[in-house]
Amino acid sequence: MNILTRWLRSYVPNIAVDDHQLAEDLTLRGIAVEGVHSLGPGNGHLFEMDITTNRVDAMNHYGIAREAATIYNLPLLPLDTTLPATANAARPFSVAIEAPELCGRFTAQVLRNVTIAPSSGRVAKYFALLGSKPISNAVDASNFVLQGMGHPTHAFDLDKIEGGIIVRLARKGERLRLLDGTERTLEADDLVVADHAKALGLAGVMGGWDSMITAETKNILVEAAWFDPASVRRSSRRHGLHTDASHRFERGADFNACATANALVAKLILQSGGIAEGELVDIVVPPIRAKTAARPPIALSVAQAQRHLGSTLDDQSGRSAITGELVSQYLTALGCTLQPATGDLQPATFHVQLPSWRLDLEREIDLVEEVARVYG
């Protein structure tokens, strides 16, 4: 995976070290930078990165910026999802999830009177530095957001959708032509995004030809969803398709990122003209949310962290450098929410609410490992 330091630093603008030191500091914390390449004056460097499969949250610029903010104890700028004023819709766009165990969330935003044009500005600049091939502002917006904050999205030509969206299992033998031009014969356990007449895309893997964005597109439906990792993996393997989207969905996408990603894509498309119609349609399946974004908190004892990590060179007079304050600082910066179980922070027990993007954190020892990783 390639990361632009110029893009990364836009999320954490006060990093004091140079790019080479940043690469070393990230690598020492398990976010491996394997190559550092200069992009010329004013453009920073390109990092060639090797991110382990359990850290899907770090497979994007914002995720790595979060790591840098944690290392240097700096604020991470929030993502701006503010859309221009929206037009009223006669009725909400129709979305139905018929396979709730495989699609836990589906968001949809209607955009009207859009202008399809070549990308410009920051999108064009960053794509050129990354060596990515631009297609059009609408398609590039999805790719830009994927590389920026990590959640896959898709843009449909709204006028080619009949009736509304249905997320369902395919009918055995159903045919679907994909964006790569190939026609696939689907199995009964392939999950598809469909309209009321036909399949529009292989969920979490690739969109379909019949609803793709073209130069004639005037109205768009932006989609961002959460799909079951095992379901995406089965379809990806069966059809021999490994895409940027499937790579992330197979490893566990962030349930809470759907609305943010949708808004970021819509905002980029609307920079070239058009208007958002109606509010975001956001269908949530509560049992899936409970298993991903609303997992029970984990109890973390600072004394246990000190016991596992042992002595450090920074210990003073028998007092561990791994204090409750430090544990709280690190885990909060990584996205956890900590509530003290006792009134005393030294030592203490915390109830730790896990961030929705860190599905790899499951037990107390995982949190201890995070403290050790950031401490160095």
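Mentor: Strand β2 (residues 32–38) and strand β3 (residues 45–50) run antiparallel and are joined by six bridges. Strands here are DSSP runs of E with at least two residues, helices are runs of H or I with at least four, and both are numbered from the N terminus. Two strands pair if DSSP finds at least two bridges between them. This is a predicted model, in which local features need pLDDT of at least 70 and side-chain atom pairs pLDDT 80 or more, while totals for chains, interfaces and linings use all residues. Residues are numbered from 1 along each chain as its sequence is written, and side-chain values use heavy atoms, with hydrogens and water left out.

Stay with the hairpin. Opposite Ala32 stands Asp50 in β3. Between the strands of the β2 and β3 hairpin lie six residues, and Gly40 takes a positive phi near 95°.

Next, the sheets. Axes are lines fitted to C-alpha atoms, for helices over the stretch in contact, with angles from 0 to 180 degrees between N-to-C directions. Strand β5 (residues 103–112) pairs with β14 over seven bridges, in the antiparallel sense. Asp282 in β14 is opposite Thr107.

Another open sheet has five strands, ordered β4-β7-β10-β11-β12, with mixed pairing. Here β4 (95–97) and β12 (206–207) are the edges; each has a single partner strand, so one side of each has no neighbour in the sheet. Strand β11 (residues 199–202) runs antiparallel to β12, and two bridges join them. Gly201 has Gly207 of β12 as its bridge partner.

Now the helices. Helix α2 (residues 19–28) and helix α3 (residues 61–72) have axes that come within 10 Å and cross at roughly 90°. That makes α2 roughly perpendicular to α3 (65 to 115 degrees counts as such). In contact (heavy atoms within 4.5 Å) are Gln21, Leu22, Asp25 and Leu26 of α2 with Ile64, Glu67, Ala68, Ile71 and Tyr72 of α3. By class, the contact of α2 with α3 has six nonpolar, one polar and two charged residues. Nonpolar means Ala, Val, Leu, Ile, Met, Phe, Trp, Tyr, Cys and Pro; charged means Asp, Glu, Lys and Arg; the others, Gly among them, are polar.

Helix α11 (residues 324–333) and helix α12 (residues 364–375) also have axes within 10 Å, crossing at roughly 90°. They are therefore roughly perpendicular to each other. Leu326, Val327, Tyr330 and Leu331 of α11 meet Leu367, Glu370, Val371, Val374 and Tyr375 of α12. This contact of α11 with α12 has eight nonpolar residues, one charged and no polar.

Finally, the pocket itself. The largest pocket has a volume of about 1,100 Å³. A pocket is an open set of points on a 1 Å grid over the protein atoms alone, where a 1.4 Å probe fits, with protein on both sides within 12 Å along at least five of seven lines; lining residues have an atom within 4 Å of a point. Points are joined across faces, edges and corners, and the volume is the space filled by probe spheres set on them.

The lining of the largest pocket has 42 residues; Asn143, Leu146, Thr243, Asp244 and Ala245 lie nearest its centre. At least two lining residues come from each of β1 (2–4), α5 (137–149), β6 (154–157), β11, β12, β13 (220–227) and α7 (244–249). The largest share, six residues, comes from α5. By class, the lining has 22 nonpolar, 15 polar and five charged residues.

How values were computed: Parallel < 35°, antiparallel > 145°, perpendicular 65-115°, else oblique.
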